[in-house]
Each structure stands twice: as C-alpha cells, then as structure tokens.
Amino acid sequence: MTDATPRKRLLIRTWGCQMNVYDSARMADVLAPLGYAPTEQVEEADMVILNTCHIREKATEKVFSDLGRLREAKRQRGGEMVIAVAGCVAQAEGAEITARAPWVDIVLGPQSYHRLPEMVARASRAAGAVIETDFPAEDKFDHLPETAAPQGVTAFLTVQEGCDKFCSFCVVPYTRGAEYSRPVAAVVAEAQRLVALGARELTLLGQNVNAWHGEGPDGRAWTLGRLVRRLAEIPGLARIRYTTSHPRDMDDDLVAAHGDPPALMPFLHLPVQSGSDRILKAMNRGHTADDYRRLVDRLRAARPDLALSTDIIAGHPGESDADHAATLALIRDTGFAQAFSFKYSARPGTPAATMAGQVDEAVKDARLAEIQALLRDQQTAFNRSRAGMVAEVLVTGPGRHPGQMAGRTPWLNPVHFDGPESLAGQVVPVKITAGHPNSLSGVLVAPVHAPARERPAA
C-alpha cells in the first residue's frame, strides 16, 4: 500500500476465548494490505467484524442485538459500511444470520478468515451476503501474512485448533473442526517474530492445546513438552504459558516440562467440569475424578509451587444432589487459584441438549452459587498466601494511578506497585504486601541474583 492509498477504518469486536482474540488480530493483519487501519468508533468504521463465540447461552441473540445497532449505523453511512460476522456463531448459525439480518455482507467461519480480502472484493459485487463456513482444504496459517504490528509485553500464539473429544455439552468440534497441530517450524518462526516485536511472554493457544503433536524438523511429531523446551531457547522470551488443556492429553513429557524449563510458568488451566464420575461419563470426558486428582498430584510433584485453574459446569443433565456434592469435594481436595464456573446451557446440536434429566434453572442457580462461593474463597486464600513473598513480576505497563505499574506474577496474579514506566517489559522482584480477592499489592525491591521461581521474604 502506498501513501496515496485511501485509509479505511476497521472495527473488530471480539467475544469469547483467547483463540478469538488471536483470530481478531490476524484478521486485522489480513486486511491491513487493503488499507484498513483500526478504530474503536463505529461511526467512522468502513468495516465492522463481529468475531463471535458460541459456547455460552444466548450467544446468538447477543450477536443479533449488536447487528440491529449496526444496521442503523450502516444506514447513517448511506450503506457504505461492510458488516461481517465471524467466528463460531457464524459457523453454526450462518443461514439464520443471513435470513434475519440481510444487511450483513460477509459471514465467515473461524477456518476461513485468511480469505477475507477475496470475500471483501466479492461482497462489493454481490447482491447478497458472501458466506464461507466450510472447512477449507488448505491450511489457513499457510495463507496468513506475517504478524507485523507491534506487540505488547504478552502475546497469544495459536499452535493447535479443533477438538476430537466431543464432550456432550460442547459445540467446539462442530464449529472449529477436527484437531489440527501447526508444524514446529511455523510455530517457532511466529514466536521469534512476536518476541522481536516486543513480546516477553507467549501463551500457546488451542481448543485442546496439549493434544498438539506438530511435525518436527525430522518429520516426526513432537510433543507439547518438547515444543515448550524449544521455545524456551528463544532469546528474549522470558515466559511461556499454554491453554486450554484436557486431562486426557497431559502426557508424561508435558508433566515433566513443568519441572523444567523455568520459562514455563507455574500456572495451569486444567478443566475438570465435574467431580462426579457419573456426570463425567455423561459428559464423555473420558476420565474420572480420581484420575484428575492423581494427575494434579503428579503435576505438583514436578512443580511444587504450581497453581491451578479450572472450569466447572453446574447442572449438567442428570446431575443429582450427590453429584453436586462430589464436585464440591473435588474442589476442596484440589484447591484452585482461579476458576471459571457456569450453569449448564443447552447448545443446539450437542448430545446433552436432548438428554433426559434436564436440571431445573432454580436448582442450577443454587448449585452454581455454592460452587462459586467455594471457588471465590479459594482464590482469595491463594492471593493472601502470596503476601510476604518476593515474586518475579513481568511488568506489563502503567497502572491506574500516577506512578503505579502493573504486572503479572508467575501464577498469573495481577499485581500493582509503585515504579518508573521504564520497567515495562522487564521481570523485576516485587515483595507482595497484600493479597486481595482479584489482585495483589506490592513494593519493588532491589534486584538480587536468585532463582526466578520464588524467593522467601528476607
């Protein structure tokens, strides 16, 4: 694009997981050569993309609510606005979107966004919406431009997509497709670019990230643990994380990787969903509650300071009071630093949606409240347990108040302390002075040459 090329404005609204955040950034990369620059103001947008999530209840209606407002914005622009719906709602509800919102120009699934420039051109000529919701034969990653935008201190890197597990409650296998692992060379090259652009911490993403088995330089499949060790060798990369994992794919090599390299942070999101074996079977999870407990024991043996996060569903079809009690017991036995908990909501096309024994909404509400109270107490207790220790904090930027900086501990806690803005991007020792329900407070201490995992206070 030359300086004479007219600048166009692009607004992307993103719902859902970190995968969608990554996808939105790559859609911006794809459209940049067409002259699109980002904006946050819908009134000046030449193109608006709604990058949607279909996991939670009423996701489709939220999209249509936003589309209603965009219809008026497009009318005020004399129709000169391209409206696109992307992501999992687009994949699952493409026909309904075009029927209910004929002012939408483009509907594209999460495997098709590398085709956006072609679709924009087609939309300018088409009488109706341009729809791309098939799973294309080509690998979209092979057709994406290299990331060129400056990065923050932390960045996401998709290494795996899709899921073959077919949990009874989940739409991901239907909206994201079968499991696919990017090859080692592609992952390493993108990681190196992200670090060169300023990232100090990378979070490896996948719908089932620990199922990753990418082709290595020798043509053989690597494990995620081996990939983590390779990425840890990149100069300037201080920290590595990965999400989201399935207990069935936590192999011995990945468990061992939590003990070494030090760049792999001691925080793991490991969804369990339920503590009842009967409900886990109905969910098609493929593991028992005690399988999960034993896995946690192995992980903590490899990395004693490991903190865990999880997902819990309250009120899956068939769940009894005893099943709910078993979930509470597993939460107490495990101890979580963070967690995400939700009422079960039926997703169209999933097996659980038509199961017998649908749980009454009031019962789901009560069970969820009990689960969340326990998880909230655990998170607060974990945060308070950090008080008095010196933690290595990756400084992400200024805090809310003058002179304040913000960062993340190895356990992903947000932490605030006073310090100069020149610390952004550095890993610095901070003595934690207080643990709050959702964050930590601390004071910067003089750097000392000690291991970067955890040091007791002097």
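Which residues have the most contacts inside the largest nonpolar core? Select Leu-204, Leu-224, Leu-227, Leu-231, Tyr-242 and Met-250: these have the most contacts inside that core, which has 60 residues. A nonpolar core here is a set of buried Ala, Val, Leu, Ile, Met, Phe, Trp, Tyr and Cys residues joined through side-chain atoms within 4.5 Å, and buried means under 20% relative accessible area, with exposed over 50% and partly exposed in between (1.4 Å probe, protein chains only).

Before going on, note that this is a predicted model: local features need pLDDT of at least 70, side-chain atom pairs count only at pLDDT 80 or more, and totals for chains, interfaces and linings use all residues. Residues are numbered from 1 along each chain as its sequence is written, and side-chain values use heavy atoms, leaving out hydrogens and water.

Helices (H or I, at least four residues) and strands (E, at least two) are DSSP runs, numbered from the N terminus. Now pick Leu-231: leaving aside residues up to four places away in sequence, Leu-231 touches Val-187, Val-188, Ala-191, Leu-204, Leu-237 and Ile-240; contact means heavy atoms within 4.5 Å. A second, separate core of 21 residues includes Val-82, Ala-123, Val-130 and Leu-205.

**Over to the sheet.** Six strands form an open, parallel sheet in the order β2-β1-β3-β4-β5-β6, where two strands pair if DSSP finds at least two bridges between them. Look for β2 (36-38) and β6 (130-132) at the edges, each pairing on one side only. From one strand to the next, the twist averages 20°; axes are lines fitted to C-alpha atoms, for helices over the stretch in contact, and angles run from 0 to 180 degrees between N-to-C directions. Zoom in on β5 (residues 106-108), joined to β6 by three bridges; Leu-108 has Glu-132 as its bridge partner in β6.

**Helices on the sheet.** Show α3 (residues 88-100), lying across β3, β4, β5 and β6 at about 135° to β4.

**A helix pair.** Next, select α10 (residues 289-302) and α11 (residues 321-334), whose axes come within 11 Å and cross at roughly 10°. That makes α10 roughly parallel to α11 (angles under 35 degrees count as roughly parallel, over 145 as roughly antiparallel, 65 to 115 as roughly perpendicular and the rest as oblique). Show the contact residues, including Tyr-292 and Arg-293 of α10 and Leu-330 and Asp-333 of α11.

**Last stop.** Finish at Val-390 in strand β15 (residues 390-398), buried at 9% relative accessibility.
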